[in-house]
Amino acid sequence: MSNFTRKAIRDSFVKLLNNKPISQITIREIVEECGVNRNTFYYYYQDLPQLIESIVNEEAERIIREYPAIDSLDDGIRAALEFALANRQAVLHIYNSVNRDIYEQYQWRVCAHVVRAYVDGIRGDHMLTEEDFAAITDYLKCVSFGLIMGWLETGMDPRAIERFQKIMKLKQGDLDRLMRRCEEN
């Protein structure tokens, strides 16, 4: 029952968040939307920021579970953007709120996972030290995170997805060159 109730609260909140900013959503609206009482909400969540954090952490865990391996950085960024693309307004409302840091931490965590999974999958015969591996993944994580944050800053302009793809095409081969340089040093 508790998973069902948690999901009902979460789904009701996301539904409301897709229609209006966090600052205009009340606990009362959430519990009325999902058919539970206020005490039930407070049994599971302390407040709205904790609910937001729970939602984004669950999404991060889902992506990590569903994408243990990443074939391309482009696929990784798409995985990182799944929730945002499915809940555009909700994500923009979180991003443009005082709770923005919660979403940024989520994206940082997801970017870290997809980049590590991608680099680990293609490092193959390259003899990378752990330090080199960490430096390369940090670099790509920052690039991916920056692209996503820039996309959010534009209000999720659909043309930005095309720019992502262009950037990824321009960067093709960069990772192999980085790994070779690390081996040479």
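**Rings and charges in a predicted model**

Let me start with a charge and a ring. The charged end of Arg6 sits over the ring of Tyr45, 5.9 Å from the ring centre.

Ground rules next. This is a predicted model, where local features need pLDDT of at least 70, side-chain atom pairs count only at pLDDT 80 or more, and totals for chains, interfaces and linings use all residues. Residues are numbered from 1 along each chain as its sequence is written, and side-chain values use heavy atoms, with hydrogens and water left out.

Back to charges over rings. Arg100 lies over the face of Tyr95, at 3.7 Å from the ring centre.

Now rings with rings. How many aromatic pairs does a search of the whole structure find? Six. The rule covers rings of Phe, Tyr and Trp (its six-membered ring): centres within 6.5 Å make a pair, with planes under 30 degrees apart counted as stacked, over 60 as edge-to-face and the rest as tilted.

Take Phe41 and Tyr42. Their ring centres are 5.3 Å apart and their planes stand at 90°, so this pair is edge-to-face. Phe41 is buried, at 0% relative accessible area. Tyr42 is partly exposed, at 38%. The cut-offs: buried is under 20% relative accessible area, exposed is over 50%, and partly exposed is in between, with a 1.4 Å probe and protein chains only.

Next pair: Tyr103 and Tyr106. This one is tilted, with 5.2 Å centre to centre and 45° between the planes. Both residues belong to helix H7, residues 100-122. They are three residues apart there, so about one helical turn separates them. Helices are DSSP runs (H or I, at least four residues), numbered from the N terminus. Tyr103 is buried, at 0% relative accessibility. Tyr106 is buried too, at 2%.

There is also a cluster. Phe41, Tyr42, Tyr43, Tyr44 and Tyr45 form one aromatic cluster. Tyr45 is the ring that has Arg6 over it.

On to salt bridges. Side chains of opposite charge can pair when their charged atoms come close. The cut-off is a side-chain nitrogen of Lys or Arg within 4 Å of a carboxyl oxygen of Asp or Glu. The count comes to 14.

First, Glu58 with Arg10: the closest N and O atoms are 2.8 Å apart. Glu58 is in helix H4 (residues 48-66) and Arg10 in helix H1 (residues 2-17), so this bridge ties together parts 48 residues apart in sequence. Glu58 is partly exposed, at 33%. Arg10 is buried, at 14%.

Second, Lys15 with Glu33, at 2.9 Å between the closest N and O atoms. Lys15 is partly exposed, at 47%. Glu33 is partly exposed, at 35%.

Third, Arg109 with Glu61. What is the N to O distance here? It is 1.8 Å. Arg109 lies in helix H7 and Glu61 in helix H4, so parts 48 residues apart in sequence are tied together. Arg109 is partly exposed, at 30%, and Glu61 is partly exposed, at 36%.

Last item: a network. Salt bridges link Arg10, Glu58, Glu59, Arg62, Glu66 and Glu82.

Methods. Helix = DSSP H or I, 4+ residues; strand = E, 2+ residues; numbered from the N terminus. Lys NZ or Arg CZ within 6 Å of the ring centre and 35° of its normal.
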